[in-house]
Amino acid sequence: MDDLIDKKDALIATAKRCFDLRLQTNAGGNLSVRLDSADAIVIKPSGVGFNECTRDNLQVVHLDGTIEPSPHKPSKDLGFHLALYHLRDDIRAVVHCHSPWATGYASAGIEIPCLTVQTIEKIGRMPLIPLSAAGGPQTDKEINPVFKDRSVVAAVLANHGTIGVGSSLMKAQYLAEIIEETAHIAFVRDTVMAAHGKTAADLPRYGTDADARAAS
Ligand SMILES: [Zn+2]
């Protein structure tokens with residue numbers, strides 16, 4: 001496991017960034033990264049906050065589900081993280097946060113619209129995944145069918161949180177940031193439109209009078 005320390009350090013840095021950006025409080029959420037040197041992942045265990053990850057408390061779990069000896073409990077999310085790595089070889093990192101703007105939209109049963117140029121380009125679509133059949137947290141059974149489509153890199157779990165996947169922790173975490181930012185922008189747009197009684201954005205065709213004159 002040559003890259004174990006590097007991957008642990010990357011996970012610690014990513015978790016701290018999520019915490020500092022308030023994408024995740026110090027309870028809940030999870031993140032993991034696949035090792036290049038073994039069929040295994042590094043994952044934050046249950047009960048360890050995003051701001052408390054250290055080289056000593058992160059867990060190593062093999063893709064067959066075997067957990068390396070650890071004083072910590074495995075995360076409740078371990079099953080869906082492993083399932084995503086089994087599902088797609090392009091997924092090398094998973095970042096799952098309970099970020100409030102995005103989770104608010106999902107809990108209202110509204111798929112976050114890809115409003116910004118950046119979201120259209122980087123994400124394309126953020127599917128909304130409902131609660132599990134039992135009404136509780138989503139498992140691989142709800143999550144896998146959505147991510148089977150290899151174009152999907154981000155999704156939002158109703159009453160739960162976001163998932164971003166990528167070829168590295170940094171890429172997966174950027175998605176977690178963009179999802180949250182887009183939900184915030186969507187909320188501002190929806191609120192402003194409602195306050196102004198608008199049902200359509202009806203944007204001006206030209207930015208300035210000079211643009212309009214140049215086009216005529
Ligand atoms: Zn969660």
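Asn159 is located in the loop that joins S6 to strand S7 (161-166); helices (H or I, at least four residues) and strands (E, at least two) are DSSP runs, numbered from the N terminus. The model is a predicted one, in which local features need pLDDT of at least 70, side-chain atom pairs count only at pLDDT 80 or more, and totals for chains, interfaces and linings use all residues. Residue numbers start from 1 along each chain as its sequence is written.

**Loop residues**

- Asn159 has a positive phi of about 55 degrees although it is not a glycine.
- Asn159 counts as partly exposed, with 16 C-beta neighbours inside 10 Å; a residue is buried if 20 or more other C-beta atoms lie within 10 Å of its own, exposed if 12 or fewer, and partly exposed in between, with C-beta atoms placed from the backbone.
- Arg22, in the loop between H1 and S1, has a positive phi near 60 degrees and is likewise a residue other than glycine.
- Arg22 counts as exposed, having 11 C-beta neighbours inside 10 Å.
- Most residues other than glycine have a negative phi.
- Ser151 sits in the loop between helix H5 (140-147) and strand S6 (154-157), and is exposed, with 8 other C-beta atoms within 10 Å.
- Between Ser151 and Arg125 there are 26 residues in sequence and 8.8 Å in space, C-alpha to C-alpha.

**Helix H1**

- H1 has 17 residues and reaches 24 Å from its first C-alpha to its last, close to the 24 Å expected at 1.5 Å a residue (the expected span is 1.5 Å times one less than the number of residues).
- Its buried residues are Lys7, Lys8, Leu11, Ile12, Thr14, Ala15 and Cys18.
- The cover over the buried residues of H1 includes strand S1 (30-34), strand S2 (40-43), strand S4 (93-97) and H6.

**Packing of H1 and H6**

- The axes of H1 (residues 4-20) and H6 (residues 169-195) come within 10 Å and cross at roughly 15 degrees, which makes H1 roughly parallel to H6. Axes are lines fitted to C-alpha atoms, for helices over the stretch in contact, and angles run from 0 to 180 degrees between N-to-C directions; those under 35 degrees count as roughly parallel, over 145 as roughly antiparallel, 65 to 115 as roughly perpendicular and the rest as oblique.
- On the H1 side, the contact is made by Ala10, Leu11, Thr14, Arg17 and Cys18, and on the H6 side by Leu169, Met170, Gln173 and Ala176 (residues are in contact if their C-beta atoms, placed from the backbone, lie within 7 Å).

Definitions and conventions: Contact = placed C-beta atoms within 7 Å.
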